[in-house]
Amino acid sequence: MKQISLFNQLDLPCPTRQVQAGLASIISADKEALSKFKHEIFFALLHRDPHKYRVIDQAIQEAKEKGISYVLCKISDNARRFRNLARQVKGERIRAISFMRLQPFDQHGVLFGEFELKHQTAELIMLHFMRRFPRYRILLLFGEEAYLGKDKQIYRHKIEARKITLPKAPDEFEKYWLAFYRSQFISERKNLRYLKQMIPKKYWKWVTELREFGIG
Amino acid sequence: MTNACKNDCKYCVNRCSHDFKRTGFEPEELARIFIELYRRNYLEGIFLTSGVQRSAAYTMERMITTLEILRFKYHYRGYVHLKVLPKTPPDLIERGAQLADRMSVNLESPNPDRLKMIADNKDFMLDLIEPMNIIQKQIQKGLLKSGHTTQFVVGAAGETDAELLRTTAWLYKSKALKRAYFSAFIPEEGTPFTGQKAIPLLREHRLYQADWLMRFYQFKSDELVLEKNQNLSLEFDPKMVYALKNRSRFPMEINKANYQDLLKIPGIGPLSAKRIWQARKEHCFTDIKELKNLGAVIKRAKPFILINGKAQGSIKSMMTIKQLELFQSQTSQLAHQSSPFLLA
């Protein structure tokens, strides 16, 4: 298993030299805006789009010429694309930590979960669960990569997903959850359009309670 | 904690005169179920509420015990919203405030007269506003970092939007309320309201829109525009209604309008307004596409803006002059009243 870096409070220097050099050349009196710009670059770099570097470079160029606010406020088409890259990455992180269900294996002190990711958000998601459940080891499966979090370190292991078989014991608490959800469900308030807005369709298969109501 | 309740509120499915099976949890049971669901990532936090079993004090004591188990036995550090039941003694509110992030008292109705129509055993001032005062004191002490909230049942007692908004504005100003929730009345089986017509969910939505205007768009309550029946328009959202009613203020020049004025333009929210205001320090807007990129809803904003002195659309594209005149004559701004609790 390969040990990988733990992001330090999302405040890492940007990983490409080109981006670092570009940022160094921006002189901004507005420290807050510069920090936000770096933050956005950090997330945009985690996007799966191979063209992201071109968009980020152009955003840095625009920031140099027209100011950081011009980019952060999404005035140009490229600035909008740049911020959309960051937004999509942040969105995936939020959805994964909201909709991924964990299965406890108490004899090993492990919480296990599985999800599909498009972007490179696995470490961010690991960080979230490691902070939330510091007494447990976190084991998450993202496609063909397994991530293990223990002792404040994250380990990544390449696997063939089909070889993984995990015992799925009937969970009484899942039943309680569905009973609770059923008791709170108000048919008059069922609003599929809003549901799709809050939980995009591609995530429905992970949300147990939606299946129960014939939605997922 | 339980669906058993000694109260007999006319709108509520759990009212004591409704004959159905009652059930409930022991504090330890509820705490364990919650923590197990939390561990499985089904839940982000807990919103703890209950029917009133025996007395408000007895039930609140059990709710607080549940929270103590969560905080001290299971070391749960996440979010807790604790409902404060009507008639809860002050010492229990103080204890609850030590454990919760947010507390709430449900007013259900906007004033004492309306409350009497749906829950005649509750005293609006003594049982509901007084606990709110105690919660407010806890916030002033630095507790309850997420503040306090309330909820109204919309339409159960025939109240108007004017009454609801007036009370809501008063709560924001005088009680430091964080936010109000509106729940459109849906008649439940086994209540005296069975068979009555449900309130359209669109009315609830319009109330939330008006509420957002007061909280995030710097609207004063008397800037909200109502129809003759003292309700918000169902046809247009409250901000559009404001703009149509105050046509003389529009169109506004995007490159000159101040932040507060930008917030008044339909299709421009607090985020877009902030971006326009920030971008203008280094940039002059010349094209409507730039506004679209930064997140403004152009279709709505167009009739109300100028870019470099150039109009982008006309109100006539939305309604005819005749419709506009009719609209003008049939709407009025929310009137001031000496007390928010007077009936409209």
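Biologist: Which residues of α10(B) are buried?

Modeller: They are B:S272, B:A273, B:R275, B:I276, B:Q278 and B:A279. Keep in mind that we're looking at a predicted model.

Biologist: What makes a residue like B:I276 "buried"?

Modeller: We count neighbours: a residue is buried if 20 or more other C-beta atoms lie within 10 Å of its own. B:I276 is listed as buried, so it passes that cut-off.

Biologist: And what do the buried residues of α10(B) pack against?

Modeller: They pack against α4 of chain A together with α9 (259–262) of chain B.

Biologist: How many residues of chain B are in contact with chain A?

Modeller: 19 residues of chain B are in contact with 19 residues of chain A. On chain B's side, α1 (27–39), α10 (270–279) and α11 each supply at least two residues. The most come from α1(B), with 4 residues.

Biologist: How do the residues on that side of chain B divide into nonpolar, polar and charged?

Modeller: There are 7 nonpolar, 5 polar and 7 charged residues.

Biologist: Let's turn to chain B as a whole. What does its secondary structure come to?

Modeller: Chain B has 13 helices and 10 strands. Its C-alpha atoms fill a box of roughly 65 × 45 × 35 Å along the principal axes. Of its 344 residues, 39% are buried. Among its contacts with a separation of 6 or more, 67% are between residues 24 or more positions apart.

Biologist: How do you know that β1(B) and β2(B) pair?

Modeller: Pairing takes at least two bridges, and 4 bridges join strand β1 (residues 45–48) to strand β2 (residues 79–83) of chain B, so they count as paired. The two run parallel. In one of the bridges, B:F47 has B:H81 of β2(B) as its partner.

Biologist: Which helix makes a β-α-β unit with β1(B) and β2(B)?

Modeller: That's helix α2 (residues 56–73) of chain B, and the unit is right-handed. Next, the chain crosses from β2(B) through helix α3 (residues 90–99) to β3(B), and this crossover is right-handed too. Strands β2(B) and β3(B) (residues 102–104) run parallel, joined by 3 bridges. B:H81 turns up here as well, with B:R102 as its bridge partner in β3(B).

Biologist: Why is the unit with α6(B) called right-handed?

Modeller: Look with the strands pointing away from you: a path from the first strand over the helix to the second that runs clockwise is called right-handed. The unit of β4(B), helix α6 (residues 161–174) and β5(B) is right-handed, so its path runs clockwise in that view. Its strands β4 (residues 148–154) and β5 (residues 179–184) run parallel over 6 bridges, and B:T149 has B:R179 as its partner.

Biologist: Why do β7(B) and β9(B) stand at the edges of their sheet?

Modeller: The sheet is open, with 3 strands in the order β7-β8-β9 and mixed pairing. β7 (252–253) and β9 (310–311) each have a single partner strand, so one side of each is left without a neighbour in the sheet. Strand β8 (residues 305–307) pairs with β9(B) in the antiparallel sense over 2 bridges, and B:L306 is partnered by B:A311.

Biologist: Over to chain A. What makes the span of α5(A) close to the expected one?

Modeller: α5(A) has 23 residues and reaches 32 Å from its first C-alpha to its last, against the 33 Å expected at 1.5 Å a residue. Its buried residues include A:F82, A:L85 and A:V89. The elements they pack against include α2 (31–44) and α3 (52–66) of chain A, along with α11 (288–293) of chain B.

Biologist: Where in chain A is confidence highest, and where is it lowest?

Modeller: Helix α5 (residues 77–99) has the highest, at a mean of 97, and strand β1 (residues 2–4) the lowest, at 53. Chain A averages a pLDDT of 86. Over residues 5–13 of chain A, pLDDT stays under 50.

Biologist: Why be careful where pLDDT is low?

Modeller: Because predicted coordinates should not be read in detail there.

Note on methods. Residues are numbered from 1 along each chain as its sequence is written. Chains are lettered from A and ligands numbered from 1 in the order in which they are written. This is a predicted model: local features need pLDDT of at least 70, side-chain atom pairs count only at pLDDT 80 or more; totals for chains, interfaces and linings use all residues. pLDDT is the predictor's confidence in each residue, from 0 to 100. Two residues are in contact if their C-beta atoms, placed from the backbone, lie within 7 Å. The expected span of a helix is 1.5 Å times one less than its number of residues. A residue is buried if 20 or more other C-beta atoms lie within 10 Å of its own, exposed if 12 or fewer, and partly exposed in between; C-beta atoms are placed from the backbone. Ala, Val, Leu, Ile, Met, Phe, Trp, Tyr, Cys and Pro count as nonpolar, Asp, Glu, Lys and Arg as charged, and the others, Gly among them, as polar.
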